[in-house]
Amino acid sequence: MRKYSVFALAREAMRAHKGWDQQWSSPEPKPEYDVIIVGAGGHGLATAYYLAKEHGITNVAVLEKGWLGGGNTGRNTTIIRSNYLYDESAGIYEHAVKLWEGLSQDLNYNVMYSARGVMMLAHNIHDVQVFKRHIHANRLNGIDNEWLTPEQVKEFCPPINLSADARYPIIGAALQRRGGTARHDAVAWGYARAAADRGVHIIQNCEVTGIRRAPNGAVVGVDTNRGPINAKKVGVVAAGHTSVIMNMAGVRMPLESYPLQALVSEPVKPLIPCVIMSNTVHAYISQSDKGEMVIGAGTDQYTSYSQTGGLHIINHTLDAICEMFPVLTRLKMLRSWGGIVDVTPDRSPILAKTPVSGLYVNCGWGTGGFKATPGSGNVFAHTIARDEPHRINAPFTIERFTTGRLIDEAAAAAVAH
Amino acid sequence: MLLIKCPYCEEERPELEFRNAGEAHLVRANPIIEQSDDDFAGFLYFRQNPKGLQFERWRHIHGCGRFFNAVRDSVSDKFLTVYKAGEPRPDVSTLLSPAAAEPAEPPVTKRPRAKKVEVSQ
């Protein structure tokens with residue numbers, strides 16, 4: 001792999017950009033690998049990268065039904081933050097933020113991590129109490145989060161509407177300055193390039209149709225539309241389709257798959273300098289480096305695999321956005337789309353071993369998995385390589401739904417679920 | 001937005017009048033105290049979440065207020081049928097057979113049409 005640098009850019013500029021290599025190869029699948037990862041999204045590719053980098057396991061295949069990064073990795077609103085209430089969540093999301101901070105250097109790929117600040121608006125006394133509790137909990141865990149008065153909110157984000165006549169007036173906000181955004185596609189591409197460089201096979205258009213088991217129940221490989229592939233360890237990182245894949249191994253999951261929509265506006269000049277979230281009016285917005293307003297909505301109410309949702313959900317979100325930013329009222333929306341998110345009952349992920357020997361699962365990230373991509377891949381690689389969870393993901397088991405030891409971010413609602 | 005037929009009101013109404021209530025035909029053990037932890041977790045949290053035909057509950061919350069069940073394809077989001085709470089699970093093979101799709105069939109077996117507002121990709 002040739003290193004990307006300002007000198008490489010200058011060199012290629014002199015010769016009409018004819019010297020750029022392919023970023024990753026597309027090899028034919030081998031009959032056997034040490035580890036198979038099902039799903040080449042950000043989390044799956046990150047898992048493969050850290051398996052190779054930190055655990056020396058390079059005989060790895062990442063199998064992808066469609067194209068690399070074409071699922072929720074390419075469909076989210078790219079928000080990064082770690083201001084979760086519970087210690088377990090703080091551990092894993094903060095692990096990810098720390099990796100985000102050095103990720104572009106680590107991968108030699110500009111993932112455009114921009115710590116522009118994530119501001120969560122409070123509209124009523126309940127919000128104020130909840131956010132202040134979050135701020136204190138975060139600070140006890142060493143995570144930055146601070147309270148802003150309405151005046152400070154306006155100073156941090158000038159276009160916001162502070163009018164007392166607003167239907168939901170803004171009476172403060174919690175701000176995590178290290179939160180921000182990254183370029184979602186570049187994250188998948190950067191991990192793919194760096195993993196392929198270390199010998200990982202990325203096999204696209206290869207759909208897993210079955211999980212092969214030995215008579216003693218242990219995993220011995222997978223069936224695909226390109227033939228069987230053997231591996232003693234299989235990691236399922238299939239987001240909305242996790243229930244489908246796990247069903248092939250006879251494992252039922254505490255998951256439901258919902259459509260989650262997002263949309264972008266026409267590009268305009270820089271206006272919104274940070275990420276704004278509001279749980280109460282249920283909307284979140286940031287401005288991409290291209291100038292588009294990137295807006296996220298809530299999930300539809302019914303389970304579905306359709307990768308599309310109802311227009312009334314988007315309408316509801318835009319009502320809230322126009323209320324917070326009247327200046328955006330005349331903006332045209334260019335595109336909207338849906339992804340399928342796998343939601344657990346407590347809205348916390350599952351990164352764990354399964355009842356089937358050799359089968360591992362990383363799922364349940366629901367509406368907020370992008371922010372965790374590096375941390376999730378990092379600890380999941382540890383779980384697969386050592387056959388035991390990392391200290392950080394040890395609480396995120398499937399068994400917690402039987403023991404009752406939930407990590408109930410659903411109730412804590414640090415996120416606009 | 002889905003168009004949903006309420007089997008009590010016998011009318012197609014927009015999704016906004018309804019509240020989805022999750023997987024149908026989950027039966028709570030009686031007496032629940034004798035159920036194992038694993039079985040109770042299965043009842044409470046573990047779901048089939050199928051890609052394809054699924055049985056689900058809806059409540060006509062801004063209408064008659066009653067719960068009913070539906071069979072819906074989770075890929076196309078099209079409803080195959082709706083039926084009242086307490087009625088047995090309909091036989092999917094007859095719902096999918098060509099005879100059931102015939103327009104000349106009596107109204108009781110007529111499939112309610114579900115339309116969906118397309119969102120541009």
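## Helix α2 of chain A

Eleven of the 14 residues of α2(A) are buried, so this helix is largely enclosed by the rest of the structure. The model described here is a predicted one. The buried positions of α2(A) are G42(A), H43(A), G44(A), L45(A), A46(A), T47(A), A48(A), Y49(A), Y50(A), L51(A) and A52(A). The elements that cover them include β1 (35–38), β2 (60–63), α6 (184–197), β12 (233–236), β19 (359–363) and α9 of chain A.

Helix α2 comprises residues 42–55 of chain A, and the distance from its first C-alpha to its last is 19 Å, close to the 20 Å expected at 1.5 Å a residue. G56(A) follows α2(A) and has a positive phi, near 70°.

## Helix α4 of chain A

Helix α4 of chain A holds 16 residues (125–140); at 1.5 Å a residue these should span 22 Å, and the 23 Å between its end C-alpha atoms agrees with that. Buried and exposed positions are divided between its sides. D127(A), F131(A), H134(A), A137(A) and N138(A) are the buried residues of α4(A). They lie on the same side of α4(A), because the arc they cover around the axis is only 120°. The exposed residues I125(A), Q129(A), H136(A), R139(A) and L140(A) are on the other side of α4(A).

The cover over the buried residues of α4(A) includes α3 (87–107), β4 (118–122) and β6 (172–176) of chain A. Just after α4(A), G142(A) adopts a positive phi of about 75°.

## Packing of α3 against α9 in chain A

Helix α3(A), which contributes to the cover of α4(A), also packs with helix α9 (residues 373–386) of chain A, at an angle of about 110° and with the axes 6 Å apart. Angles of 65 to 115 degrees count as roughly perpendicular, and α3(A) is therefore roughly perpendicular to α9(A).

From α3(A), the residues in this contact are I92(A), Y93(A), H95(A), A96(A), L99(A), W100(A) and L103(A). They meet T373(A), P374(A), G375(A), S376(A), N378(A) and V379(A) of α9(A). By class, the contact of α3(A) with α9(A) contains eight nonpolar and five polar residues, and no charged ones. Helix α9 of chain A is also among the elements that cover the buried residues of α2(A).

## Contact between chains A and B

The two chains meet through 26 residues of chain A and 21 residues of chain B. On the chain A side, the elements that give two or more residues are α7 (242–248), β13 (256–265), α8 (311–324), β17 (333–343) and α10 (400–403). Strand β17(A) supplies the largest share of that side, four residues. The residues of the chain A side divide into ten nonpolar, 13 polar and three charged.

## Organisation of chain B

Chain B has three helices and six strands, and from the N terminus on its elements follow the order β-β-β-α-β-β-β-α-α. Chain B has 121 residues, of which 21% count as buried. Among its contacts between residues at least 6 apart in sequence, 52% join residues at least 24 apart.

## Backbone features in loops

Most residues other than glycine have a negative phi, and most peptide bonds are trans. N108(A) is not a glycine, yet its phi is positive, about 55°. This residue, N108(A), is in the loop between α3 and β4 of chain A, and it counts as partly exposed because it has 15 C-beta neighbours inside 10 Å. E10(B), also not a glycine, likewise takes a positive phi of about 55°. E10(B) is placed in the loop between β1 (3–6) and β2 (11–14) of chain B; with 10 other C-beta atoms within 10 Å, E10(B) is exposed.

The peptide bond from N30(B) to P31(B) is cis, its omega being near 0°. P31(B) belongs to the loop between β3 (19–23) and α1 (37–44) of chain B.

## The surroundings of P228 in chain A

P228(A) is found in the loop between β10 (219–224) and β11 (229–230) of chain A. With 15 other C-beta atoms within 10 Å, P228(A) is partly exposed. Leaving aside residues up to four places away in sequence, P228(A) touches R212(A), G221(A) and D223(A). P228(A) and G210(A) are 18 residues apart along the chain, and 8.9 Å separates their C-alpha atoms.

Definitions and conventions:
Residues numbered from 1 in each chain as written. Chains lettered and ligands numbered in written order. Predicted model: local features only at pLDDT ≥ 70, side-chain atom pairs only at ≥ 80, totals over all residues. Contact = placed C-beta atoms within 7 Å. Nonpolar A, V, L, I, M, F, W, Y, C, P; charged D, E, K, R; others polar. Expected span 1.5 Å × (residues − 1). Buried ≥ 20, exposed ≤ 12 C-beta atoms within 10 Å, placed from the backbone. Arc of directions from axis to C-beta. Axes fitted to C-alpha atoms, helices over the stretch in contact; angles between N-to-C directions. Parallel < 35°, antiparallel > 145°, perpendicular 65-115°, else oblique.
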